[in-house]
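Me: I have a structure open and want to go through it with you before I plan around it. Can we take it piece by piece?

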Amino acid sequence: MTGRTERTYPVRVTAQRRWPADVEVWRVPVPADPAALAPLLGSVDDAERERADRYRQFADRARFLAARAALRMLLAGRIGAAPHALRFIAGRYGRPALDGYPDLSFNVSHAGEHALIAISAGRVVGIDIERIDPSLDWPPLADLVCTTDERRALEEHAPEKQLRGFLLSWTAKEALLKALGLGITEGLQCIAVDPFVDGIQQPFAEQDSIAADASRLRFHWIDGIEGYAACVAYGERHDGVADTEAQVADTYTGNPAA
């Protein structure tokens with residue numbers, strides 16, 4: 001036993017005016033002890049248990065089960081159902097929605113020892129977390145993620161700030177795209193953010209791009225998770241943001257972190 005694996009339940013991250021009170025952000029510790037996974041199996045369905053068994057690495061299996069079980073428990077508590085009985089359906093880009101509750105928006109991301117979950121009944125939400133790995137060769141990735149101006153801004157800062165700045169930019173863009181229900185490769189360079197500015201931000205988005213509605217969203221980085229960059233994005237449905245949860249059609253058996 002490691003002494004940390006009993007705490008697999010989600011802990012709410014207080015908004016502290018960083019995002020609206022009706023946007024819930026939850027942090028889920030990922031267990032390091034195989035024995036801690038057994039209690040999670042009762043909260044997921046057969047397809048998820050089968051998927052978990054296919055992961056070769058324990059860490060990948062633990063992240064999947066911790067995130068999925070916590071999501072089911074949180075959603076089940078809202079609607080008064082058994083966690084394992086919830087049915088998910090998916091939209092065009094695989095974003096899941098809870099069958100029968102199209103206005104309940106949620107999103108999941110996990111990395112390393114943490115999973116994050118965002119839930120809102122009145123807004124669309126997206127969330128992302130990435131581990132800050134000092135060995136990451138980020139410049140080649142920046143060519144895929146950053147605009148020319150963003151890349152230039154990163155290079156103007158000291159080297160020790162560049163990696164964190166890049167990952168803050170990355171998490172913000174993924175959270176924004178996930179809030180729109182888009183695939184994370186569908187518009188990274190169509191959105192511009194400033195990773196060196198604190199507080200609530202409104203991103204710039206190219207208005208003739210697939211990610212144009214990102215300009216109607218807001219986002220805030222989630223600080224306080226040592227060694228990680230994380231961000232939550234949100235937007236009012238009546239702002240014209242694509243309501244992907246109302247357009248779902250397929251039975252969902254995938255990973256809500258996608």
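Me: What pLDDT does the protein average?
Reply: This is a predicted model, in which local features need pLDDT of at least 70, side-chain atom pairs count only at pLDDT 80 or more, and totals for chains, interfaces and linings use all residues. Residues are numbered from 1 along each chain as its sequence is written, and side-chain values use heavy atoms, with hydrogens and water left out. The protein averages a pLDDT (the predictor's confidence in each residue, from 0 to 100) of 88, and 89% of the residues score at least 70.

Me: Changing topic, how do the axes of α4 and α5 cross?
Reply: The axes (lines fitted to C-alpha atoms over the stretch in contact, with angles from 0 to 180 degrees between N-to-C directions) of helix α4, residues 148-155, and helix α5, residues 159-180, come within 9 Å and cross at roughly 150 degrees. The two helices (DSSP runs of H or I, at least four residues, numbered from the N terminus) are therefore roughly antiparallel to each other, a term for angles over 145 degrees.

Me: And which residues make the contact?
Reply: From α4 these are Glu150, Leu154 and Glu155, while α5 brings Gln162, Gly165, Phe166, Ser169 and Lys173.

Technical notes. Parallel < 35°, antiparallel > 145°, perpendicular 65-115°, else oblique. Contact = heavy atoms within 4.5 Å.
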